[in-house]
Structures are given as C-alpha cells and as structure tokens.
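Good morning, colleagues. Please look at the structure on the screen while I describe how its elements pack.

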Amino acid sequence: MTDASRPTTDITLLGRSYVIACEPDQQAKLERAARYLDRAMSGIQAQSKLLGTERIAIMAALNITHELLEALDAQRAGERSLDELSARLERALADAAPQR
C-alpha cells in the first residue's frame with residue numbers, strides 16, 4: 001500500500017491538527033489515545049504557558065509512561081497475590097482430602 005492510499009485519521013493536540021496513518025479498525029483507539037494525550041498536554045500547558053509544545057509533549061509522555069508503569073506494577077502485584085491465594089487453596093484442599 002502506498003502512502004497516498006493509506007487510511008488516515010485526523011487528531012488534534014493542543015489545538016493543532018495532525019493526520020495520522022491508521023487502519024479503520026484502530027481509529028476509535030487512536031482517537032481515544034489522542035484525547036487522553038491532549039488532556040495531559042493541556043494540563044501541563046495550563047501550569048506553565050511558557051513551555052514549548054515539544055517540551056509539553058515530552059513531559060506528557062513521561063507522565064503517561066509513569067502512569068502505565070504504576071498500573072503494570074499494580075497488575076503484577078495482583079497476579080502474585082492471586083497466585084499465592086491459589087497455592088494456599090490447593091494446599092488446603094490437599095490437606096482436607098480424605099486419606100486412603
């Protein structure tokens with residue numbers, strides 16, 4: 001597929017429009033991600049009007065990455081907790097099983 005025939009989607013970040021290559025079945029996810037990024041960037045811009053767009057984008061990327069890593073850590077902790085509970089349950093069931 002050539003670049004001219006690739007499907008695209010328009011997104012807006014800090015009032016500026018961008019055309020992004022995107023398959024139609026991924027459009028809703030891209031638009032959701034763009035809204036999230038725009039909110040993050042707008043929040044940073046509101047705190048300091050003196051920052052340039054590039055610096056705002058970098059700060060937003062770092063903040064979002066931090067959020068993602070925190071969520072992944074929480075998910076891993078939850079999975080470890082479930083593994084421990086599962087092991088305890090298996091031991092309890094094995095201990096309660098009638099001896100032959």
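I begin with a contact between two helices: Tyr 36, Leu 37, Ala 40, Met 41, Ile 44 and Gln 45 in H1 meet Thr 53, Ile 56, Ala 57, Met 59, Ala 60, Asn 63, Ile 64 and Glu 67 in H2, where contact means heavy atoms within 4.5 Å. Please note that this is a predicted model, in which local features need pLDDT of at least 70, side-chain atom pairs count only at pLDDT 80 or more, and totals for chains, interfaces and linings use all residues. Residues are numbered from 1 along each chain as its sequence is written, and side-chain values use heavy atoms, with hydrogens and water left out.

Helix H1 covers residues 27-47 and helix H2 residues 53-96; they pack at about 120°, with axes 9 Å apart. Helices (H or I, at least four residues) and strands (E, at least two) are DSSP runs, numbered from the N terminus.

Which residues make up the largest nonpolar core? The nine are Ile 11, Leu 13, Cys 22, Leu 30, Ala 34, Met 41, Ile 44, Ile 56 and Ala 60. Such a core is a set of buried Ala, Val, Leu, Ile, Met, Phe, Trp, Tyr and Cys residues joined through side-chain atoms within 4.5 Å; buried means under 20% relative accessible area, with a 1.4 Å probe and protein chains only. H1 gives the most to this core, four residues.

Finally, the strands. S1 runs antiparallel to S2 (residues 16-21), and six bridges join them; pairing requires at least two DSSP bridges. Thr 9 has Ile 20 in S2 as its bridge partner.

Conventions. Axes are lines fitted to C-alpha atoms, for helices over the stretch in contact, and angles run from 0 to 180 degrees between N-to-C directions. Buried means under 20% relative accessible area, exposed over 50%, partly exposed in between (1.4 Å probe, protein chains only).
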